[in-house]
Amino acid sequence: MWVIGDSYLARAQSQLSTALGDKGPVQWRVRGGWTWSRYRPTLEALIAAHREPSILLLHLGSNDLCVMSGRQLYDQIVEDLLYTRLRLPNSTIIWSWMLP
């Protein structure tokens, strides 16, 4: 499992780690303030270093709402999720809803 996200996942990391228990190794890439622009470089680094995960959990985008239009963000998210599906064809992608 790979987890990529902003402060919401960073703050929840210890509880999520406990809840996931022995579900296998989890690669955490979470940090407060992250914007969607961090997603693709982070994804590429994970792909280069690790096997395809069974699950990819994302929580990004809320911090972008202050710096780009909702339409621009939507277009970028759709493009990157389609790209992710091509790069990780066997993974389940879970995108946690953004909070305004």
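Within what distance do the axes of H2 and helix H3 come, and at roughly what angle do they cross?

## Helix packing

In this predicted model, where local features need pLDDT of at least 70, side-chain atom pairs count only at pLDDT 80 or more and totals for chains, interfaces and linings use all residues, the axes of H2 and H3 (residues 70-87) come within 11 Å and cross at roughly 10°. Residues are numbered from 1 along each chain as its sequence is written, and side-chain values use heavy atoms, with hydrogens and water left out.

Axes here are lines fitted to C-alpha atoms, for helices over the stretch in contact, with angles running from 0 to 180 degrees between N-to-C directions; helices (H or I, at least four residues) and strands (E, at least two) are DSSP runs numbered from the N terminus. The crossing makes H2 roughly parallel to H3, a label given to angles under 35 degrees. Tyr39, Arg40, Leu43, Glu44 and Ile47 of H2 meet Glu79, Asp80, Tyr83, Thr84 and Arg87 of H3, contact meaning heavy atoms within 4.5 Å. Arginine 40 also places its charged end over the ring of tyrosine 83, 3.8 Å from the ring centre (the rule asks for NZ of Lys or CZ of Arg within 6 Å of the centre and within 35 degrees of the ring normal).

## Aromatic cluster

Trp36, Tyr39 and Trp95 form one aromatic cluster, where rings of Phe, Tyr and Trp (its six-membered ring) pair if their centres lie within 6.5 Å, with planes under 30 degrees apart counted as stacked, over 60 as edge-to-face and the rest as tilted. By this rule there are 2 aromatic pairs. The rings of tryptophan 36 and tyrosine 39 have centres 5.2 Å apart and planes at 35°, so this pair is tilted. Tryptophan 36 and tryptophan 95 instead form an edge-to-face pair, 6.5 Å centre to centre with 85° between the planes.

Because tryptophan 36 lies in the loop between E2 and helix H2 (39-49) and tryptophan 95 in strand E4 (residues 92-95), the latter pair ties together parts 59 residues apart in sequence. Tryptophan 36 counts as buried at 2% relative accessibility and tyrosine 39 is buried at 0%, whereas tryptophan 95 is partly exposed at 29% (buried is under 20% relative accessible area, exposed over 50%, partly exposed in between, with a 1.4 Å probe and protein chains only).

## Strand E1

Strand E1 (residues 2-5) is covered on both faces, with Trp2 and Ile4 buried on one side and Val3 and Gly5 buried on the other. E1 pairs in the parallel sense with strand E2 (residues 27-30) over 4 bridges, pairing requiring that DSSP finds at least two bridges, and glycine 5 has valine 30 as its bridge partner in E2. Strand E3 (residues 55-59) also runs parallel to E1, joined by 4 bridges, and there leucine 57 is the bridge partner of valine 3.

Notes:
Parallel < 35°, antiparallel > 145°, perpendicular 65-115°, else oblique.
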